[in-house]
Amino acid sequence: MENEKITVPKILRLKQEKKKIVALTAYDCLMARLVDEAGVDVILVGDSVGSVFSGYDSTLPVTLDEMLYHTRAVARARPRALLVMDMPFLSYQCGPDDAVRNCGRALKEGGAVAVKIEGGVAMAPTVRRLVEVGIPVMGHVGLTPQSIHQMGGYKVQGREEQDRKRILADALALQDAGAFSVVLECVPAILARDITRELRIPTIGIGAGADCDGQILVIHDLVGLTVNFTPRFVRRYAELGRELGRAVREYATDVREGRFPTPDQAF
Ligand code: KIV
């Protein structure tokens with residue numbers, strides 16, 4: 001693996017070179033070090049931190065300060081991967097000036113290299129302004145969790161012809177506005193393939209089939225730490241939740257039965 005830091009131009013080059021982009025989430029320094037050392041290209045401090053870490057029912061309550069806190073923790077790992085901060089609900093929807101102020105904080109205070117915002121055509125003027133002032137933007141279309149109430153649930157988007165057209169138009173609008181990549185979440189694989197062929201910028205899929213230019217998952221899903229529900233698009237590469245439970249039960253038994261600590265763990 002090359003040691004060179006992953007930059008925005010490098011992400012664009014990966015698509016031209018037909019090399020897949022590997023992206024994962026991280027919300028803290030320890031996890032960021034582990035996924036970075038394993039060689040991912042992009043680390044996203046996702047607003048999924050709201051459900052995975054903070055226990056909210058959706059991503060809507062996540063605040064800008066919470067995202068900055070987690071992004072700073074990840075930045076302290078000094079990752080080789082491109083560090084992207086997800087902008088939380090209402091931190092960029094109120095207009096381009098507000099978005100510049102808040103997304104600017106992601107770079108200035110969080111140590112991120114780029115931001116991710118949800119939405120397509122409606123967000124294009126904001127994306128254009130962010131890019132003009134030097135803030136790289138990753139777009140996000142299809143299932144956009146911050147619009148959960150409008151969508152009526154976490155459902156696959158783009159099954160009907162008019163929705164397919166809208167999602168393609170959204171992705172194109174983001175590209176035209178200067179976004180350097182776009183996340184396609186929970187859309188039919190065939191639509192993701194068509195969008196990927198149509199765009200010059202990379203698509204990064206989650207529940208969007210194999211033809212995207214890259215893939216992203218929530219690290220806690222991938223390693224089996226989220227135990228209550230696994231979405232169909234996740235492949236669990238480990239069962240760390242089960243292993244953690246086993247370790248804690250063993251520790252508890254040892255403490256209760258006087259087997260921990262032994263002189264080896266004492267001074
Ligand atoms: O918040 C998040 O983690 C995300 C990705 C999974 C795309 O938006």
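A pocket is an open set of grid points, each a place where a 1.4 Å probe fits, with protein on both sides within 12 Å along at least five of seven lines. In this predicted model, the largest pocket holds about 860 Å³ of space. The second largest pocket holds about 420 Å³.

**The largest pocket**
- Lining the largest pocket are 34 residues, and those closest to its centre are Ser48, Ser51, Val218, Asp221 and Pro231.
- The helix α3 (49-52) and the strands β6 (181-185) and β8 (214-217) are the elements that each contribute two or more residues to the lining of the largest pocket.

- The lining of the second largest pocket is made of 20 residues, and Gly119, Gly120, Thr144, Ser147 and Gln150 are the ones that lie nearest its centre.
- At least two lining residues of the second largest pocket come from each of β5 (137-142), α7 (148-151) and α8 (161-177), and α8 gives the most, with three residues.

**The ligand and its surroundings**
- The residues around the ligand are Thr25, Leu44, Gly46, Asp47, Ser48, Asp86, Lys116, His140, Ile206 and Val218.
- Ser48 and Val218, which are among the residues around the ligand, are also among those closest to the centre of the largest pocket.
- In the side chain of Asp47, an N or O atom is 3.0 Å from an oxygen atom of the ligand, while for the side chain of Asp86 the corresponding distance to an oxygen atom of the ligand is 3.1 Å.
- Lys116 also takes part, with a polar side-chain atom that lies 3.1 Å from an oxygen atom of the ligand.
- The ligand exposes 250 Å² when it is taken alone, and the protein buries 95% of that area.

**The domains**
- The protein chain is divided into two parts, with domain 1 covering residues 8-236 and domain 2 covering residues 240-267.
- Between the C-alpha centres of domain 1 and domain 2 there is a distance of 39 Å.

**Two details of the backbone**
- The peptide bond that runs from Phe260 to Pro261 is cis, with an omega angle near -5°, and Pro261 is found in the segment after the helix α11 (240-256).
- Arg78 is a residue other than glycine with a positive phi, a value near 45°, and Arg78 is placed in the loop between the helix α4 (64-75) and the strand β3 (82-86).

Conventions: Residues are numbered from 1 along each chain as its sequence is written. This is a predicted model: local features need pLDDT of at least 70, side-chain atom pairs count only at pLDDT 80 or more; totals for chains, interfaces and linings use all residues. Side-chain values use heavy atoms; hydrogens and water are left out. On a 1 Å grid over the protein atoms alone, a cavity is a set of points where a 1.4 Å probe fits but cannot get out, and a pocket is an open set with protein on both sides within 12 Å along at least five of seven lines; lining residues have an atom within 4 Å of a point. Grid points are joined across faces, edges and corners, and a volume is the space filled by probe spheres set on the points. Helices (H or I, at least four residues) and strands (E, at least two) are DSSP runs, numbered from the N terminus. Domain bounds come from an automatic or database domain assignment. A residue is near a molecule or strand if one of its heavy atoms lies within 4 Å of it. A polar contact is a pair of N or O atoms within 3.5 Å; within protein, one must be able to donate a hydrogen and the other to accept it, and residues adjacent in sequence count only if both atoms are side-chain atoms. Accessible areas come from the Shrake-Rupley method with a 1.4 Å probe; for residues, only the protein chains shown count as cover.
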